[in-house]
Amino acid sequence: MRVIAHGVRGSVPAPGPDTARYGGNTSCVEVNLMDGTRLVLDAGTGLRELGKQMAPGPTKVHLLLSHTHWDHVLGLPFFIPLWRKETEIVVYPLASEAQERFRKTITLFDEIHFPVGVDDIPASFDFVKPEGSVWQIGSAQVSRIKLNHPGGSQGFRIVDADGSSVAYLTDNELALPAPGGGSDDELVRFADEVDLLIHDAQYLPADMPAKVGWGHSVVDDVLELARRARPTKLLLFHHDPDRTDTELDAIRDASRSWLKDQNVACELDIATEGVVHTLPPR
Ligand SMILES: [Zn+2]
Ligand SMILES: [Zn+2]
């Protein structure tokens, strides 16, 4: 399995010299499976970058959205393959009824928010509703979990046929009661020993308590999740738009020290646009 983040920022795109190294595009992660199937996790502005890399010709993309907030869908109109007839986009179910309405109409394309209506898009959308709690997509098995976020969000665990695995958990607030599901204990089980854990780490303790209930995690709580779930590698993701590259360097160093002090054998990095993570077979 190959995993590439094309957008790593939370809330709103944050271009500029202070964010150029890790990247200013919002959430979008590409997952390439061993049978050649391409999954796209979220359609933030990073999707635009992915689209530029995709050659013309018959293309099939499996789109799994965590939820429908702006920063997770805004790249869709600017995804070049959308404007080609030979592109097929398979869209998977969302976490709530309200969000399902978005999925069926792609409400971005209402000719108010964007000049082109959904019926005039050349690519075809396939709104699937797979049976059961584990979906077979290409060579992978995909399961999902409800996350703790205003309006609802969902996370995914993708296990390829060779055993390599990634868990994508963004727009999730750890360490709070989670009435809608996705308690910390459930998440530990869900992400248990994955090769790559990608988790929302938007905040620092200094941001609290002002941002309690905003639906994002404090880095310290993400490290605690990693200590318990034991992934091979943790990527801190969904960076605050105001967090500079230099501040992210400091978060990386402090986080690595904490894991070392706790004797947690887990690599850690700051999610960075364009970096390829190759997960070996198990
Ligand atoms: Zn977000
Ligand atoms: Zn959100």
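Here are a few friendly questions and answers about this predicted model.

User: How many helices and strands are there in the protein chain?
Analyst: Let's start with the overall make-up of this predicted model. The protein chain holds both kinds of element, and the count is five helices and 14 strands.

User: What radius of gyration does the protein chain have, and why does it agree with a compact globule?
Analyst: The C-alpha atoms fill a box of roughly 55 × 40 × 35 Å along the principal axes. A compact globule of 282 residues would have a radius of gyration near 19 Å, so the chain's value agrees with that: 18 Å.

User: Which strands are the edge strands of the open sheet of seven strands?
Analyst: The sheet has mixed pairing and the order 6-5-4-3-2-1-14. An edge strand pairs on one side only, and that holds for strand 6 (124–127) and strand 14 (276–278).

User: Is helix 1 mostly covered or mostly uncovered, and which strands do its buried residues pack against?
Analyst: Helix 1 (residues 46–53) is mostly covered, with six of its eight residues buried. Those buried residues are G46, L47, R48, E49, L50 and G51. Helix 1 runs at about 120° to strand 1. Its buried residues pack against strand 1 (2–7), strand 2 (28–32) and strand 3 (38–41).

Technical notes
Residues are numbered from 1 along each chain as its sequence is written. Chains are lettered from A and ligands numbered from 1 in the order in which they are written. This is a predicted model: local features need pLDDT of at least 70, side-chain atom pairs count only at pLDDT 80 or more; totals for chains, interfaces and linings use all residues. A residue is buried if 20 or more other C-beta atoms lie within 10 Å of its own, exposed if 12 or fewer, and partly exposed in between; C-beta atoms are placed from the backbone. Helices (H or I, at least four residues) and strands (E, at least two) are DSSP runs, numbered from the N terminus. Two residues are in contact if their C-beta atoms, placed from the backbone, lie within 7 Å. Two strands pair if DSSP finds at least two bridges between them. Axes are lines fitted to C-alpha atoms, for helices over the stretch in contact, and angles run from 0 to 180 degrees between N-to-C directions. The radius of gyration is taken over C-alpha atoms; the globule rule is 2.2 Å times the number of residues to the power 0.38.
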